[in-house]
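Q: I have a model open and want to go through it piece by piece. Can you take my questions as they come?
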Amino acid sequence: MKTLDIWLILGILLLIIIYLYIQNNRVSLSAYTIDIPRMHPSMKGKKVVFLSDTHFRDNTPHTYIDRLVIQVEELNPDIVLFGGDIIH
């Protein structure tokens, strides 16, 4: 292999590692308004936050968890639900 080929492969691997790190350490938010015609009156107008795929580990940085909690608090939800892949 040529030296240039090795550096190209190493560069591509580095980009993949950076991409995976960013994907696993970012918090993304999507907002939806759902109209349910026959919803119980006590639930109408309630704000629900649904968290999923957090993949918390023993070594999950506290800053990541703090950032997530702050974002949830800023939404001022009436209900918080956790679903799917909470712990890795």
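Q: Which residues make up the largest nonpolar core?
A: This is a predicted model. In it, the largest nonpolar core consists of 6 residues: Val-49, Leu-51, Phe-56, Tyr-64, Leu-68 and Val-72.

Q: Which elements supply at least two residues of this core?
A: Strand 1 and helix 2 each do. Helix 2 gives the largest share, 3 residues.

Q: OK, pockets. What volume does the largest pocket have?
A: About 1400 Å³.

Q: How many residues line the largest pocket, and which lie nearest its centre?
A: The lining has 40 residues, and those nearest the centre are Leu-29, Ser-30, Val-49, Phe-50 and Leu-51. Val-49 and Leu-51 also belong to the largest nonpolar core.

Q: How does the lining divide into nonpolar, polar and charged?
A: There are 19 nonpolar, 14 polar and 7 charged residues in the lining of the largest pocket.

Q: And which helices and strands supply at least two residues each to that lining?
A: Helix 1 (3-25), strand 1 (48-52) and helix 2 (62-75) each do.

Q: Switching to Thr-60. Where is it found?
A: Thr-60 sits in the loop between strand 1 and helix 2.

Q: Is Thr-60 buried or exposed, and why?
A: Thr-60 counts as buried because its relative accessibility is 13%, and the cut-off for buried is under 20%.

Q: What does Thr-60 touch, leaving out residues up to four places away in sequence?
A: His-55 and Ile-65. There is also a polar atom of the Thr-60 side chain 2.6 Å from the backbone nitrogen of Arg-57.

Q: Next, Asp-5. Which helix is it in?
A: Asp-5 is in helix 1. Its relative accessible area is 33%, so Asp-5 is partly exposed.

Q: How far apart are Asp-5 and Phe-50, in sequence and in space?
A: They are 45 residues apart in sequence, and their C-alpha atoms are 46 Å apart in space.

Q: Last one, Asn-76. What is its phi?
A: Asn-76 has a positive phi of about 50°, although it is not a glycine.

Q: What do most residues do there?
A: Most residues other than glycine have a negative phi.

Q: Where does Asn-76 lie, and is it buried or exposed?
A: Asn-76 lies in the loop between helix 2 and strand 2 (79-83). With a relative accessible area of 61%, Asn-76 is exposed, since the cut-off for exposed is over 50%.

Conventions:
Residues numbered from 1 in each chain as written. Predicted model: local features only at pLDDT ≥ 70, side-chain atom pairs only at ≥ 80, totals over all residues. Heavy atoms only, no water. 1 Å grid on protein atoms, 1.4 Å probe; cavity = no way out; pocket = protein on both sides within 12 Å on 5 of 7 lines; lining within 4 Å. Points joined across faces, edges and corners; volume = space filled by probe spheres on them. Helix = DSSP H or I, 4+ residues; strand = E, 2+ residues; numbered from the N terminus. Nonpolar A, V, L, I, M, F, W, Y, C, P; charged D, E, K, R; others polar. Core = buried A, V, L, I, M, F, W, Y, C linked by side-chain atoms within 4.5 Å. Buried < 20%, exposed > 50% of the residue type's maximum accessible area, 1.4 Å probe, protein only. Polar contact = N/O pair within 3.5 Å; in protein donor to acceptor, adjacent residues only side chain to side chain. Contact = heavy atoms within 4.5 Å.
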